[in-house]
Amino acid sequence: MSYAPGALARRVARDRVRLALVWAVMLAWPFVAPNEYILSLGVMFLINLVLVASLNLVLGYAGQISLCHGAFFGLGAYVSGVLSVRYGITPAFGMAAAIAGTTVAALLIALPTLRLRGHYLAMGTLGFNAILTVLFNELVPLTGGPNGLAGIAPFGLFGYELDTPRRFFFVAWLLAGVVMLLILNLVAGRIGRGLRAISGSEIAAGALGIDTFRFKVAAFSLSAGFAGLAGAMYAHFNMYASPETFSFFTSVLLVVMVALGGWGSYWGPVFGALIYTAMPELLRKFQDAELFLFGLCMIVVLLYLPGGIAGLRARRRAAAPAAPRASAAKEASDGAA
Amino acid sequence: MPADVLQLVLAGLSTGSIYALIALGFNIIFKATDAINFAQGEWVMMGGMVAAALYGAGKMPLAGAFIGAVAVVAVVGLLSERLVIRQLAKPTPLVVTLLTIGIAICTKSLVMLTLGKNPAGLPGFSGDKPIAVAGAAVQPQTLWIIGIAAVVMVGAHLFFGRTVLGKSMRAAAAEPEAAALVGVSPRMAMLVSFGIAAAIGAIAGVIITPLTLTSFDHGTVLGFKGFSAAMLGGLGSLPGAMVGGLVLGLLESLASGLISSAFKDAVAFVVLLLVLFVRPAGLIGKGQVERV
């Protein structure tokens, strides 16, 4: 995709306004959610949004396959959780440690693998996910092993414990909003353009003077840091963490969510996170056929909607001048459905 | 060699042979598409499940169930290419990789819906009575696994090195347009790649089932191990699949016997990452690594 400079600036300005609007509307959630459970789904959506949006930086913008985002999520949760349960460290410091820890871990993987062209990041991250899963399960004195880590302290604000979904919602709302704003500023600027160039062609990007290695490493470690933040949010919200939440399968599902939402699109992760949050609920309704339907939907979206759900609107707009009637009719029928 | 170490080595060689077969399937599709095929492990699981169903409910003889299962899974592989991958207008490795995740999810749930959620097993190909080899008690199935895997490996080597179809598949993978110019259909080559990879996966699934049982959720782990073996040996290299599989199997078995069974996966993967960092092309990859 290419934009005239003015067009890009207008687009970013429009996205900023939209972000502010969406976030303002979201503030109403605790007041309209009918019960605590639905309210807690809202919190999970915000946490998942941080996860999917940060993975989108690596997968969508830079075009690099990372298969350990679930492990970074888990590392964040366990760093903050273990510090809280075993050493009594307050969640705010735990969260900072979680972000620092995941960023350093990401650097360790990125420095050797991203120097090489090809699937090396996918391989390195796959191995890293496997190792972390074993550590979460087996370092029982620290992590509690397969039974999970219980008794993680909730966030506190001046001695006021944020231990219910209603109280925690505002923290998640604020943190996720900050992350989304940071990502918007990042992808709108030089770094975002550089990453998109790398995803288009690494050789061409290099020829244009982009330090492809540094850009990729920066995007990957930043995205890991955000996943660590999401992990810390999850641990202190749920007050419990268990290894299976952060398995290889989670990492694969997160990749799927980036693709379904629309990779490389700023708003794509919102749809991806919505699906990821709603999926367990929907799956429970459909019982056994659900998994098959999910796989089928995924194939159909990848084949026929290459831009994911976020790409739908752009496609419709592109088709509109050619066939205004057809698209209006489609919108009407969509509305009816 | 002490008997207990010999036992570990034999166990490692047999799981290693399975990993090698899965890695071989991975590599065949990697060569054709440049993509990581997440469905490979599900085809392994499906091979075991279908064979068990044909043998148990279908009352087929063991050899018939084996062949039947491989045929069914090969057809599933062909259909996956024809109905899904072929539909892509512009196949890029990233999209093909994502599509194989979808294929994997569909395959797994289809097996669950049709064959149920219970674990299924098969009897050993020549009984389940352990035999003594130099003081170590060995399941005869272990020897079957190593033998059949060796035959498949040699077969694949001959197929890609000696036959016209195998050579034209390599040509199509290396340079689709040039291959098309000399009359090789890259589409056909792609289709056959999926069929062969699925069939090899199914073979691995059938021969491991007598030792470990199988159920619809076994595929992910197997695929994961097979992919690791493929990268350990060098992605896309056929001898690499064999070496990578055997090394990974031995590492796991020795680590679990001599260090700690809880940490065996961690040991195996730490070694794997080290190899990747020191020799990015894999243990016997050709060394065509581009630095950025």
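Predicted model: local features only at pLDDT ≥ 70, side-chain atom pairs only at ≥ 80, totals over all residues.
Helix H1 of chain B comprises residues 3-33. At 1.5 Å a residue, the 31 residues of H1(B) should span 45 Å, and the 44 Å that separates its end C-alpha atoms agrees with this expectation. Of these 31 residues, 25 are buried, so H1(B) is largely enclosed by the rest of the structure. Asp34(B), which follows H1(B), has a positive phi, near 65 degrees.

Helix H2 (residues 40-56) and helix H4 (residues 93-115), both of chain B, have axes that come within 10 Å and cross at roughly 15 degrees. Because angles under 35 degrees count as roughly parallel, H2(B) and H4(B) are therefore roughly parallel to each other, and H2(B) passes H4(B) in a left-handed crossing. On the H2(B) side, the contact is formed by Glu42(B), Met45(B), Met46(B), Met49(B) and Ala53(B), which meet Ala104(B), Thr107(B), Lys108(B), Val111(B) and Leu115(B) of H4(B). The residues of this contact divide into seven nonpolar, one polar and two charged.

H4(B) also takes part in the contact between the chains, to which chain B gives 39 residues and chain A gives 37 residues. On the side of chain B that touches chain A, at least two residues are supplied by each of H4, helix H9 (219-233) and helix H11 (264-278) of chain B, and the largest share, 14 residues, comes from H4(B). By class, this side of chain B has 29 nonpolar, six polar and four charged residues.

Conventions: Residues numbered from 1 in each chain as written. Chains lettered and ligands numbered in written order. Axes fitted to C-alpha atoms, helices over the stretch in contact; angles between N-to-C directions. Helix = DSSP H or I, 4+ residues; strand = E, 2+ residues; numbered from the N terminus. Parallel < 35°, antiparallel > 145°, perpendicular 65-115°, else oblique. Left-handed = near helix turned anticlockwise from the far one by under 90°. Contact = placed C-beta atoms within 7 Å. Nonpolar A, V, L, I, M, F, W, Y, C, P; charged D, E, K, R; others polar. Expected span 1.5 Å × (residues − 1). Buried ≥ 20, exposed ≤ 12 C-beta atoms within 10 Å, placed from the backbone.
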